[in-house]
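Please look over the structure below before reading the briefing. The points that follow are grouped by topic.

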Amino acid sequence: MHPAPHRPGWWSALAEAPDGTRYGYSVDGGPVLPDPRSRRQPDGPDGLSAVVSHDAFVWGGGWAGRPLSGAVLYELHIGTFTREGTFDAAAERLTHLVRLGITHVELMPVCPFPGTHGWGYEGVSLWAVHEPYGGPAGLKRFVDAAHQLGLGVVLDVVHNHLGPSGNHLPRFGPYFTDTHHTPWGSAVNLDAPGSDEVRAYLRESALSWLRDYRLDGLRLDAVHALADTRALHFLEELSTAVDALSEELRRPLFLIAESDLGDPRTTTPRTAGGHGLHAQWNDDFHHALHTALTGESQGYYADFARDPLQALTKTLTRAFFHDGTYSSFRGRTHGRPVDRTTTPAHRFLGYAQTHDQVGNRALGDRLSASLSPGLLACAATVVLTAPFTPMLFMGEEWGARTPWQFFTDHTDPELADAVRRGRRREFARHGWAEEDIPDPQDPRTRDRSCLDWSEPDGEPHARLLAWYRDLIALRRSHPDLADPDLASVRAARSTNGAGRWLAYRRGDVRVAVNLSKDPATVHLGGNGRSRVLAAWEPVEAPGADGVLVLPAESCVVLGS
């Protein structure tokens, strides 16, 4: 190989290599290593790379794309969505999502990682696809099948760290820096010497997913851990490149951030001084809803649990709960207010459950493990009638009884033991007995986390599934429920311990939920012309006095 004349640090050579050819690089006479930009790792992260000819795949037809506005997302983990844990097996279940009313599937990370089963957040080879899932061809078949059914596909990508096993990037250049530190160690180098090429590596990887696999968007994991002090932040650089690719391909593309910053600048347009991402997860909304449903108050739930319905009312009308307020969990003020007059609500994703909020619990227990069907219906109602872009976590639509636990498949025995001991120590600090914490390396932990597809046909699952379908259909048929005007949302709640109800208005649509075990009397006001659009339990529309009597643990959607 010879130095590339126009790109310092690059070396190049030409060789005949048809699709499937195995290859690797020896750096300064060292061992043969996989290509940092490998498109395929047939034998795992430490094996040789393989050439992928993207032009060889025959797509089923044209795809005009689906925009984020008006979307209903569904977070899905390929390895546990079905018992088989492959792209092809997951594709066979996509008609379920179509009947549900989903518009986009959001795949958890699919880059190669050690072993067969894992969450995917310890991936390496950021241009390749995990071989046990089906490799590059399997992902293309999945995306093609989804598009043929009218479903968009979003992929979760991890730019803030790489997994501890199989990460060979440091052999090739200054991909990491000790200038900053993250929970995973040295930071990805976005602003130290050599960072131009590191940024290009991440940026071009993102564009490759969108272009070569015809994906519709990317979810960016934990962008608050991207340490970047340069004048042009990496997120702004990436959003600029994605918007340019969208124009080139003539179909909508979008970026969704996971951010712990509570900063509206993440999704503020670049022309207004923001990073220009298209949406961000809203954990504040989740925390408010979770505490209202469960009464939990530990850790970061503490501030929300002081008055859960007030917290939920605030997030429904202002997006962030911490918008410059004091956070006891952080020991400081946190967040920044959202400009409701200029920020469309669809830039925030709203959800009751996610892989994080379920899987990072000690036992991976879902809301369905502790809540009644009525309260699960209330959770669905708030998520699917709120002003935000709703997102579901796989299985929640039927109240799946299977947990979703933390599981790994590390091939390095020392690393496997360290992960096992670390997780048990973490929860021991919160009062859990170590023997009660599932062993991440035990194959049964992953097996327990697979969805049981016999559940949706039985009760109480079938009734809850029908409720989700009805709510999503209402969201489609009533424009007020898709109105992105956050400033127009009006909300009220019970106070002074008088019940546990919440009511809010979106245009001519009114929503009321009763989280109490007792019936609630809710004074909605109005002209008495409301009619019931959907109700979990039988309920009469308010009379001329605007009074609604709502059964225990139930919810209703009213229209004019």
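Ser195 is found in helix H5 (residues 195–212); helices (H or I, at least four residues) and strands (E, at least two) are DSSP runs, numbered from the N terminus. The model is a predicted one, in which local features need pLDDT of at least 70 and side-chain atom pairs count only at pLDDT 80 or more, while totals for chains, interfaces and linings use all residues. Residues are numbered from 1 along each chain as its sequence is written, and side-chain values use heavy atoms, with hydrogens and water left out.

**Ser195**

- Ser195 counts as buried, at 4% relative accessibility; buried means under 20% relative accessible area, exposed over 50%, and partly exposed in between, with a 1.4 Å probe and protein chains only.
- Not counting residues up to four places away in sequence, Ser195 touches Asn189, Leu190 and Arg230, where contact means heavy atoms within 4.5 Å.

**Helix H14**

- Helix H14 covers residues 461–477, which is 17 residues.
- From its first C-alpha to its last, H14 reaches 24 Å, close to the 24 Å expected at 1.5 Å a residue; the expected span is 1.5 Å times one less than the number of residues.
- Which residues of H14 are buried? They are His461, Leu464, Leu465, Trp467, Tyr468, Leu471, Ile472, Leu474 and Arg475.
- An α-helix has 3.6 residues a turn, so residues three or four places apart point the same way.
- The cover over the buried residues of H14 includes the helices H3 (94–100) and H11 (373–385).
- It also includes the strands E18 (389–393), E20 (501–506), E23 (531–535) and E25 (554–559).
- Arg463 is also found in H14, but Arg463 is partly exposed, with a relative accessible area of 35%.
- Arg463 touches Trp536 and Glu537, leaving aside residues up to four places away in sequence.
- Arg463 and Ala433 are 30 residues apart along the chain, and their C-alpha atoms are separated by 36 Å.

**The loop between H13 and H14**

- Leu451 lies in the loop between helix H13 (443–448) and H14.
- Leu451 is buried, with a relative accessible area of 4%.
- Beyond residues up to four places away in sequence, Leu451 touches Thr80, Phe81, Arg366, Met394, Gly395, Trp398, Ala400 and Thr402.
- Leu451 and Arg99 are 352 residues apart in sequence, and 18 Å apart in space from C-alpha to C-alpha.
- Pro460 is found in the loop between H13 and H14 too, and a cis peptide bond with omega of about 5 degrees joins Glu459 and Pro460.

**Helix H7 and its two partners**

- The axes of helix H7 (residues 283–294) and H11 come within 11 Å and cross at roughly 155 degrees; axes are lines fitted to C-alpha atoms, for helices over the stretch in contact, and angles run from 0 to 180 degrees between N-to-C directions.
- That crossing makes H7 roughly antiparallel to H11; angles under 35 degrees count as roughly parallel, over 145 as roughly antiparallel, 65 to 115 as roughly perpendicular and the rest as oblique.
- The crossing of H7 and H11 is right-handed; a crossing is right-handed if the near helix is turned clockwise from the far one by less than a right angle, and left-handed if anticlockwise.
- Phe285, Leu289 and Leu293 in H7 meet Leu375, Ala379, Val382 and Val383 in H11.
- The residues of this contact divide into 7 nonpolar, no polar and no charged; Ala, Val, Leu, Ile, Met, Phe, Trp, Tyr, Cys and Pro count as nonpolar, Asp, Glu, Lys and Arg as charged, and the others, Gly among them, as polar.
- The axes of H7 and H9 come within 8 Å and cross at roughly 150 degrees.
- H7 and H9 are therefore roughly antiparallel to each other, and their crossing is left-handed.
- In the contact of H7 with H9, the residues divide into 9 nonpolar, 2 polar and 1 charged.

**Positive phi values**

- Most residues other than glycine have a negative phi, and most peptide bonds are trans.
- Ala319, in the loop between helix H9 (308–318) and strand E15 (325–327), has a positive phi near 75 degrees.
- Ala319 is buried, with a relative accessible area of 0%.
- Glu553, in the loop between strand E24 (547–550) and E25, has a positive phi of about 45 degrees although it is not a glycine.
- Glu553 is buried, with a relative accessible area of 15%.
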